[in-house]
Amino acid sequence: MADRVADALVVGAGFGGLGAALTLVDKGRDVVLCESLAYPGGCASTFTRDGYQFEAGATMFSGFAPGQLMHRWIEHFGLDVDVELLDPVVRFRGGGEELVVPRDRAAFVDRVASLPGVPEAGARAFFAWQARLADGLWRLFDDPALLPPFDLSALARHVRQAPAYAPLVAAAGRSLSSMLPRFGLADAYPLRAWLDAVCQITVQATASEAEAPFALAAMDYFFRGCAHIRGGVGALASAMCRAVEARGGEVRLTDRVKGLRRDGGLWIANTRRGEVRARAVFTSTLPADTASLAGIWGRRLEQLGARVSGGWGAVAWYLVLSPDVALPASATHLLCLDDPRAAPREGNQVLCSVSAAGEARGPGGVRTATVSTHVPLLGDAAAVAAAAQARARATLRLRAPEVDAAIVHALPASPRTFERFTGRSAGAVGGIPRRVGVGQYATMFPRPVADGLWMVGDTVFPGQSTLATAIGGQRAAVASMR
Ligand SMILES: Cc1cc2nc3c(=O)[nH]c(=O)nc-3n(C[C@H](O)[C@H](O)[C@H](O)COP(=O)(O)OP(=O)(O)OC[C@H]3O[C@@H](n4cnc5c(N)ncnc54)[C@H](O)[C@@H]3O)c2cc1C
């Protein structure tokens, strides 16, 4: 309808946009969600190529245990998805003994403390301290009402919890690795390699680079309701779209937003299929892409944009594996590191995620895998991607020979591929690296970047995963309704 004015237009059905759209429709707002692609999920989607189904990027999903956000949404919106909590969650292969990471945190600490090369008392003391800090932070993620902007009741709860925050303040502005010597763990391999590996895939920086409170919270990612979505995460994204529609929202796939302009207090979007008029807009695009869509630029967008370009792209291999691959039948994640003392990126480290058996990922009962590694966005992009692809295959061959032996078909992807499919310029993915600096906390307060224009997605706080972007989308939606 030409004269319809929606309460909100959401640009992009990634988890940031989906989180915002669900929150808005749940409060009775009229929402139009436009997505360029024919399927939702963005970096966390499931696509079909050559008759096989692959996870595009994200493969490990958190927040599915009772009480946590994704679990609450599944119940509240009646999302029709088949979720399998993982145990073990991931297998870390960084040379030496394989570290099998169970769902239970205490069991994990027992395992790490008994590894050769790791001082037991130091490891136990470190994880006890880390748990205290991480628990305080995760409480905030489980209940986004506790994140800024606060209402009076949240403020009162914060005042009551203040003592729990003191260690966090002490750790702010310091790297995770600077905390290790006091536990005797500065050179305690393989624990040190594990910390680097986990920090890289969560906060996008190694333990030496990472802002400690972010890294300490991210270390518990695997123990926070980590799940596999049977059939692929695209099934979850599609179920979220259906929930938006069931509450009166409109989801338009294959409807790219080409431009946004402000007119008479409204935002007018020029989309592939026509025009959408809305009182507010939520974009899940990168800062530079939001700026060029809306024709605006400002200090905040510039600062966010600069942090993105100091971040990462991804190189991936999408593999079709023979059904008799020598792995457990459940979805299996192998975090493989070639040289444990070198940076866990550019193919030296890969995350290889294999679908569960019997999931219909292609003809003949095959299983599919997504193998990914971080690459810098600087330099000769094609040469960097080619080198990382070759190195990633070599790391896989070395650390996951059972996967390598089962490959029947392989498709490579580079930052160019991510740029083409998700529209993220230069193929920047994964969010803003949380490198040391108290400036990391500057974006904690959701604010519009222009009148009625909000950014969601992995470049705004808390960013960096499907769960975090969903939380960010929810927070921006709540803030806009205030
Ligand atoms: C290789 C890789 C591995 C990862 N592994 C994990 C993991 O294991 N676990 C985890 O939780 N996270 C992981 N992540 C991170 C996670 O996928 C992202 O942080 C999150 O999915 C990003 O969501 P988003 O909403 O910010 O953006 P996106 O997912 O990029 O979504 C943006 C959407 O907007 C659409 N769009 C763009 N421009 C327009 C336009 N003009 N009009 C309409 N639509 C538009 C795009 O098509 C896209 O669907 C991984 C990411 C990558 C790349």
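Against which elements do the buried residues of α1 pack? I opened the notebook with this question and return to it below.

**Entry 1: the model.** I noted that this is a predicted model, in which local features need pLDDT of at least 70, side-chain atom pairs count only at pLDDT 80 or more, and totals for chains, interfaces and linings use all residues. Residues are numbered from 1 along each chain as its sequence is written.

**Entry 2: the whole chain.** I looked up the elements and found 14 helices and 18 strands; helices (H or I, at least four residues) and strands (E, at least two) are DSSP runs, numbered from the N terminus. The C-alpha trace spans about 70 × 55 × 45 Å along its principal axes. I recorded 53% of the 482 residues as buried, a residue being buried if 20 or more other C-beta atoms, placed from the backbone, lie within 10 Å of its own.

**Entry 3: helix α1.** I found 12 residues in α1, with 16 Å from its first C-alpha to its last, close to the 16 Å expected at 1.5 Å a residue; the expected span is 1.5 Å times one less than the number of residues. Of the 12 residues, 11 are buried, among them Phe15, Leu18 and Val25. The answer to my opening question is that they pack against β1 (6-11), β2 (31-34), α2 (69-77), α8 (233-246), β12 (274-283) and α14. Just after α1, glycine 28 takes a positive phi of about 85°.

**Entry 4: the ligand.** I counted 39 residues around the ligand, the closest being Gly12, Gly14, Gly42, Gly57 and Gly457; a residue is near if its C-beta atom, placed from the backbone, lies within 6 Å. The elements giving two or more residues to this shell are α1 (15-26), β13 (312-321) and α14 (466-481). Domain 1 (6-45 + 230-309 + 431-481) and domain 3 (312-427) each supply at least three residues to the shell.

**Entry 5: the domains.** Nine residues of domain 2 are in contact with 10 residues of domain 3, contact meaning C-beta atoms, placed from the backbone, within 7 Å.

Technical notes: Domain bounds come from an automatic or database domain assignment. Two residues are in contact if their C-beta atoms, placed from the backbone, lie within 7 Å.
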